[in-house]
Amino acid sequence: MSGPSLRKPDAHSSIHEAALNEVVELRDLFQKCLEDGEKEKAFQVIEVAIEHWESRTLKHAEAEEEGLYKDIVDENPV
């Protein structure tokens with residue numbers, strides 16, 4: 001069974017939009033660090049981006065695959 005936010009199109013879309021905006025901000029910050037020659041800070045930003053990927057993006061994809069998509073298939077067998 002998937003979470004309620006995954007089943008509501010507006011809420012689900014907001015989850016994707018928020019994650020995208022966070023990653024864009026991290027990318028921009030990383031690029032600025034590189035342009036400013038702040039290598040150590042750039043590494044820290046990349047560590048945060050990796051943590052974001054693991055904790056947010058992959059977990060959300062897992063919830064979709066194990067919950068939402070399974071529920072949809074169960075409700076609409078071919």
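Which residue takes a positive phi just after α2? In this predicted model, that residue is Gly 37, with a phi of about 75°.

**Overall fold**

The protein has 3 helices and 0 strands, and its elements run α-α-α from the N terminus on. With a radius of gyration of 17 Å, well over the 12 Å that the globule rule gives for 78 residues, the protein is more spread out than a compact globule. The C-alpha trace spans about 55 × 20 × 20 Å along the principal axes. Buried residues make up 18% of the 78 in the protein. Among contacts with a separation of 6 or more, 61% are between residues 24 or more positions apart.

**Helix α2**

Helix α2 covers residues 9-35. Its 27 residues reach 39 Å from the first C-alpha to the last, which is close to the 39 Å expected at 1.5 Å a residue. His 12, Ala 19, Leu 26 and Cys 33 are buried in α2. The buried residues of this helix pack against α1 (4-7) and against α3.

**The largest pocket**

The largest pocket holds about 160 Å³ of space. Its lining consists of Ile 15, His 16, Ala 19, Leu 20, Val 23, His 52, Trp 53, Arg 56, Thr 57 and His 60. Two helices, α2 (9-35) and α3 (39-75), each supply at least two residues of that lining. By class, the lining has 5 nonpolar, 4 polar and 1 charged residues.

**Selected residues**

| Residue | Relative accessible area | State |
|---|---|---|
| Glu 64 | 8% | buried |
| His 52 | 10% | buried |
| Ala 49 | 26% | partly exposed |
| Ile 15 | 30% | partly exposed |

His 52 sits in helix α3 and is one of the residues lining the largest pocket. Buried means under 20% relative accessible area, so His 52, at 10%, counts as buried. Leaving out residues up to four places away in sequence, His 52 touches Ala 19, Glu 22, Val 23, Leu 26 and Thr 57.

With a relative accessible area of 8%, Glu 64 is buried. Apart from neighbours within four places in sequence, Glu 64 is in contact with Leu 6, His 12, His 16, Tyr 69 and Lys 70.

In sequence Ala 49 and Leu 26 are 23 residues apart, yet their C-alpha atoms are 6.5 Å apart in space.

Ser 5 is 10 residues from Ile 15 along the chain, with a C-alpha separation of 8.4 Å.

Methods:
Residues are numbered from 1 along each chain as its sequence is written. This is a predicted model: local features need pLDDT of at least 70, side-chain atom pairs count only at pLDDT 80 or more; totals for chains, interfaces and linings use all residues. Side-chain values use heavy atoms; hydrogens and water are left out. On a 1 Å grid over the protein atoms alone, a cavity is a set of points where a 1.4 Å probe fits but cannot get out, and a pocket is an open set with protein on both sides within 12 Å along at least five of seven lines; lining residues have an atom within 4 Å of a point. Grid points are joined across faces, edges and corners, and a volume is the space filled by probe spheres set on the points. Helices (H or I, at least four residues) and strands (E, at least two) are DSSP runs, numbered from the N terminus. Ala, Val, Leu, Ile, Met, Phe, Trp, Tyr, Cys and Pro count as nonpolar, Asp, Glu, Lys and Arg as charged, and the others, Gly among them, as polar. Buried means under 20% relative accessible area, exposed over 50%, partly exposed in between (1.4 Å probe, protein chains only). Contact means heavy atoms within 4.5 Å. The expected span of a helix is 1.5 Å times one less than its number of residues. The radius of gyration is taken over C-alpha atoms; the globule rule is 2.2 Å times the number of residues to the power 0.38.
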